[in-house]
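Dear colleague,

Please find below the structure I am handing over to you, together with its sequence. My findings follow directly after it.

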Amino acid sequence: MGMTMMRWSAAVIAGCAVVAVALLPFPPNAALWWAGAAPAPLVAEMARFRDAAQATEQAVRAYRAAQGLERWSVGRRESDTSSIRIDDRVPGNVADAVRQVANEQWTALGASASGLNAQIFVYVDSTTIPRAAVVTGLRPLDPRRFVDVVFALPEATDGAHCVTLVRLRGVSPAHVEALRRQSLVGVCGFFAAFGMPGRGVRAWLAGTGYRTARRSDWHVARAPAVDAAGAYGLGDAGGRCLTSQPGACVEALGAADAAARADSRTLRSYDWVIDGTFLPTASALGASRGALGEIEPELLLSAVRELGADRFGNFWRSAESPAAAFESAFGTSLDSWTHAWVVRTYGGAADRPTIRMRDVVWLALALPLLVAMAARRRERLLSERLLGARA
Amino acid sequence: MSDARLVVALMAAALTFDAASLRGQTSTLAIDSLLRRVHTLDSSLIVRSRALDSVRRSLIRAVPPVDVRRGAMQVRTTADLEPRVRTAVDSVAVLIERRGGASLAARVAAHVPLVARDSTRSIFGAVPVLSFASDTSGRWPSTTHRPIPASATSAEVADALAGMVEQFALQGVDSAFGAWIMVGRVPLRPARPSEAADGYIEIMTAESAALRRCQSGDKESCLDVLGVDSLPGARLARWYAPQDYRTLLRAVAPAREDSAAVAAWVRCREDRDEPACVVAATSLANDRVPTPLSATARVTFLREVLEAGGANAYERLVTTDGSVRTRLTEAAGMPLDTVVGRWRARISESRPERMRLRPGLIVASLGWTGALLGLALIRRGPWA
């Protein structure tokens, strides 16, 4: 039985099929790292340890937030509309330096910024939380820092003020220097510049953990993402937004079902305190990392910068849904503007590969020729050209 | 008390009632409650931590029954690996004695490394390997080492153990020195030929003005690019000339907040626009300008220091207080300028040879060519 083209092809296909059946599908839990997988009892215990650590961390943050809110409320006058308040226990020279830093950032918000709905409150608290037991090697419950900055939304304060709670852990020059590297306006910058958000926008922001409004330094021009791999940080909905699927950007922003998300009845006051340093599970408000990658906190500040502060104010204070409010304020849809912004920032998605007509023509011409050549008797060809010479 | 008096008293009480004080008390109670919750959760966390340690110890201590000990080195392993591990431990113990002295011996004695059979997943199933762990006591091993093939020789096992010892050697040394060396180990083993060749290629090809000065004999520049000394001035001016900026900007980018610099950075990379490269490079914050040399170069320099210092060099390196320069000078037992000269000479000697065509490769190529040609000639069957 001679080897024919058909038999050879059949053998190759059968071989490939055997290999595919033997190997596919690849194990879904293939190790991603060269270190071996931990045994099951250890994995289970590690998961319990991780859960306990996260619960403790959240409790510490809640405790510190409640402490800060109490310090803010004590000694505050109802008529207080100052934009920056320094606690009486902060030494005079430190208070001056801190006020200067806070003033610089506040002034950058623009002339419309006022203390009607926002305030920066600075206090000193160097206390530590003792561990429940003395065990060698245990780290302190508070992460080591010079300064803690959190943003208390109006729901956590008096219903009318977004307050930046600045906890100085000491009064040395290093503590003041650390303050310079922090944003003291954050989400409260929007409340300072534009007042209280309207019902629709507020419901949307609350339902999404204010993750699109966490930065308010709109006086700074931003360049597109310098890391070409930044687009890989987009979630599924963010990817669809980048590739301009209709409605995907609104979905990625969580603006489509804002009202459904805005159920805040189960939240306690300190749940409305945003700590920008904890990204993965920042607060009970919701995951702070959304579908648009690491630039998502800059979405609304980009809108202020690009579309104008006056018109943004109309959007911010609108009672309509975010999409409707955006369209009526700016004359363009939230979906298309967000798509353009994502493309500007990350770069557009590459075109899908397509079949070119010239390739089809070449293949159509070449394939019959190759088949005809393969079908010729090799023996005759070789014997005529090579072996015939000997004869 | 009459009704009228009671009403007056109640009104007076209502007028003098301090609502803020009550709110404050309520708030304080809530804060106390939160603090109690923190303590409760912390207690639970400590219990979980102990349980995790317990599970880990129970899993690890059961595995290696054989204790191999030589000098300060003690290793736990299995019976079938014992011959190879024993030979390896012997050679590592000699290395510790010769290069480390009492300081290193004390550090090594604080650990009981473990060598055991294991397997790792590969695309075609599991591959048997030898895994290494540096500790059997703590929750997490203090150092890590890649597994090696299960068929490894005793020399390869010794190399892996020596790698661990190099990591132990840096433990307890002050953080400034640890930050300088960057790789978390003290090079006690001799350099492999490939390491030396890599070092040569890096130093000869890195685009840096300071490195070029170093190559031409400026020892101060050498110490500057090695991070031992800092010459006056900003990093960019010290380390890079304008012709190096484009290469530099492949490794680092300006902050996004500086939109003009980022635009220049894009023009520099994509259009090779030299003025744009200058704008982008000069916008970099001083602490974002990367060092011209990698950690590998520092390792080669430290190895030179230890070799120059002789038997007690490591001892002096870890027991001397002071700056990185002071430590290195004490360890070398000679001025660092002299060590730099030796290091440069060693780098020059490490120039890799050109790739040579091996005779085996020629024979294999000719053999395969002949075999395929022969098969074509002797073929008799038809294709169709």
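The largest nonpolar core of this predicted model holds 94 residues, and the members that touch the most others are A:F151, A:A152, A:C162, A:V166, A:C188 and A:V273. Helix 2 of chain A (residues 40-73) supplies the largest share of this core, namely 10 residues. Both domain 1 (52-128 + 141-185) and domain 2 (197-348) of chain A contribute residues, so the core lies between the two domains.

Leaving aside residues up to four places away in sequence, A:A152 is in contact with A:L69, A:T157, A:C162, A:V163, A:L165, A:W272 and A:V273. Another core, of 76 residues, lies apart from the one described above; among its members are B:A264, B:A276, B:L328 and B:W343.

A helix pair in chain A also deserves mention. The axes of helix 10 (residues 299-307) and helix 11 (residues 309-316) of chain A come within 7 Å and cross at roughly 135°. An angle over 145 degrees would count as roughly antiparallel; helix 10 and helix 11 of chain A are therefore oblique to each other. Helix 10 of chain A makes the contact through A:A303, A:V304 and A:L307, and helix 11 of chain A through A:A309, A:R311 and A:F312. Of the residues in this contact, 5 are nonpolar, 1 is charged and none is polar.

As for chain B, it has 17 helices and 5 strands. Of its 384 residues, 30% are buried. Among contacts in chain B between residues at least 6 apart in sequence, 56% link residues at least 24 apart.

With kind regards

How values were computed: Residues numbered from 1 in each chain as written. Chains lettered and ligands numbered in written order. Predicted model: local features only at pLDDT ≥ 70, side-chain atom pairs only at ≥ 80, totals over all residues. Core = buried A, V, L, I, M, F, W, Y, C linked by C-beta atoms within 7 Å. Buried ≥ 20, exposed ≤ 12 C-beta atoms within 10 Å, placed from the backbone. Helix = DSSP H or I, 4+ residues; strand = E, 2+ residues; numbered from the N terminus. Domains from an automatic or database assignment. Contact = placed C-beta atoms within 7 Å. Axes fitted to C-alpha atoms, helices over the stretch in contact; angles between N-to-C directions. Parallel < 35°, antiparallel > 145°, perpendicular 65-115°, else oblique. Nonpolar A, V, L, I, M, F, W, Y, C, P; charged D, E, K, R; others polar.
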